[in-house]
Every structure is written in structure tokens, then in C-alpha cells.
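Reader: I would like to go through the charged contacts and the labels used for them, asking in each case how the label follows from its criterion.

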Amino acid sequence: METPDPTAKLRMAPRETAEDLARRVEREQRAVNLHRESNLERSLAPFRVGSVDALNTVPLTRGLEDQIIFATPARLAEMLRRNELDAALVSVVEVLLNDCYDVLDGIAIASLGEVKSVFLAHRRPLEEVREVFCDTASLTSVRLLRVLLAERGLTPEFKPLPDDDLANAPDYLMLIGDRALDFLFGSHEHEIWDLGAAWFELTKLPFVYAVWALRRRIENAELRRLLMEAKAFGLDTLDATIRNRTEYDEDFRKDYLGWHIHYHLGTDEKRGLAKFMELLRQHGHGPVYEPKFVR
């Protein structure tokens, strides 16, 4: 009697095409991501964590959204000072001008050059600026603008932007975040002075806009681990975020989240921070404190 060939069934099985393989890998990765997202859900308790509700923060809070307290940068800083939060993705000047936070190392919202969502819109030449109306949500960007203008010998008066109606925008206004992007893509007669590009032109360094500030003297090792995991998950699934969000258009989301903004806080970003601290001191925005980085 003939002995069955054990490889016959294998030879009879259809070969997996490249398209089939790609679909299988995608299904497996989707299952892994769903598991990771499930592990992040309801994981922040008992910690109170805040962030800005903006497109550029999405990769750092992916999977944690339902547990995050969302507020403006200025409001988050107030809540941290009042011990209403244990951690917040906050404007970097909050940790530079107040020596009461630790900074989670390795994570930031930063740019190397043009950032798109932080700018001075001006209808008249920069050299003629006498007053600037600023988005009241901003902390870091106002200080950055003051420094950049001071480096050009310009010291205008800074005033709060009066309301949300930008149809009759003043000659000089500073905007940040999604509100800046709404203005950028809307109808206006202003030129745009991108502050990320201006900083890079001045220093050839990245600029750090926001970091995770952690309240000191509480045990937060697990919180730090979760925030690092959320960043890793957010960056691993960045393509899905770009594809599935609805703000603006997909090409812009791809450029904005994948190129203009980056999320690491490394040696070059710390050099940029050090230069910003130097210029803050030089132009009278002190005292300025060295940030304490923790892992």
C-alpha cells in the first residue's frame, strides 16, 4: 500500500498572495491595537490628567480620551497650580517660570521649523507693529512672540483678543492651535509669520511648545508609564488618526501631524529649551527655572 505524502495537503493549499498577506497583517495589527487601546481605557484613575483638546495633541492621548480633562493651556496651568490636576500637557513656560513641576522626559509637542498652528497674522509690516492682540488661551506662544520681536528691536503692547469673531480681525493678531488653523484656511487679508519657522531661522533649533508637567511629591510612576504607553500607541497608530480624523483635509493632517509637529523630547529639543530660557532671561521674562526631567 502506498504511503500517503504528508506534504500533499500543504501543496494543495492555495498560496497566499501579497494582497492576502497584507490583509492578514492588517487584521492582526488591528487586533493588537484594539487590545492596547483596551488596556489604556479606564487606566488613569486615580490620577487627574489634563490636556488641550486640539488636533496636535491627539497622538499623545490616544486611548485615554475619555479620562482626560480638556481645557485651554491657560486654564490647565491654573488647575495645576491649584492642585486640581496631577499632570497636564501644558505650555512649556508653565514649567520654566514655576519651579514646582517635574517634566516627563521623552515627550513634547515640538517643531523643527514651520509649525503651521502658531503664528502672528499681520496686515501691515512687522516693523510697524505697535500692538498685538493675542489668543487668551496662549502662554508659551505669547512669550515666544515677545522674544522674537524683541530680537528685532520691537516691543509692542500685547492685548487680549477680545472675542471669537475674527471677521474683523485687527492688523496684528497671534493665534494658536485649531483656532489658528481655522484662520489660516479661512478668508483673510493677513500675511502669516509662522513662529516655529521664525524660531528656527533665529536659532537653527527645534522649539518645544508643550510638555507633560507632573505635580511633585506624589507617587506617579504608574502614571508616567501610562503616558509613555499612550504616546507609543498614538505614534504607532498615527496613520489611522490621520485617516480617520475630519479636521481640514487628509493631506494637511498628514503633513501637520507627520512633519510639522513632532512628539519627542531629546537632546536637540533640550538645546532649544535652553536657548529659549536664555532669551527669556535676556529679555526680562524671569526668573526662569531649569526643568527637572523624570522618566
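Author: Arg123, Arg124, Glu128 and Asp171 are linked in a network of salt bridges, where a salt bridge is a side-chain nitrogen of Lys or Arg within 4 Å of a carboxyl oxygen of Asp or Glu. The model is predicted, so that local features need pLDDT of at least 70 and side-chain atom pairs count only at pLDDT 80 or more, while totals for chains, interfaces and linings use all residues. Residues are numbered from 1 along each chain as its sequence is written, and side-chain values use heavy atoms, with hydrogens and water left out.

Reader: How many salt bridges does a search of the whole structure find?

Author: The search finds 21 salt bridges.

Reader: Why is the contact of Arg48 with Asp86 called a salt bridge?

Author: The closest N and O atoms of Arg48 and Asp86 are 3.1 Å apart, which is within 4 Å, and therefore the pair meets the criterion. Arg48 lies in the loop between α2 (18-40) and β1 (49-51) and Asp86 in the loop between α3 (73-81) and β3 (87-91), so the pair ties together parts that are 38 residues apart in sequence. Helices (H or I, at least four residues) and strands (E, at least two) are DSSP runs, numbered from the N terminus.

Reader: What makes Asp86 buried or exposed?

Author: Buried means under 20% relative accessible area, exposed over 50%, and partly exposed in between (1.4 Å probe, protein chains only). Asp86 has 6% relative accessibility and therefore counts as buried, whereas Arg48, with a relative accessible area of 31%, is partly exposed.

Reader: How do you know that Asp99 and Arg216 form a salt bridge, and where in the chain do they lie?

Author: Their closest N and O atoms are 3.2 Å apart, so the distance falls within the 4 Å limit. Asp99 is in the loop between α4 (92-96) and β4 (101-104) and Arg216 in the loop between β11 (207-215) and α8 (221-236), a link between distant parts of the chain, 117 residues apart. Asp99 counts as partly exposed at 44% relative accessibility, and Arg216 counts as buried at 17%.

Reader: What makes the pair Arg281 and Glu290 a salt bridge?

Author: The N to O distance for Arg281 and Glu290 is 3.8 Å, and because this is within 4 Å the label applies. Glu290 is exposed, with a relative accessible area of 55%, while Arg281 counts as partly exposed at 42%.
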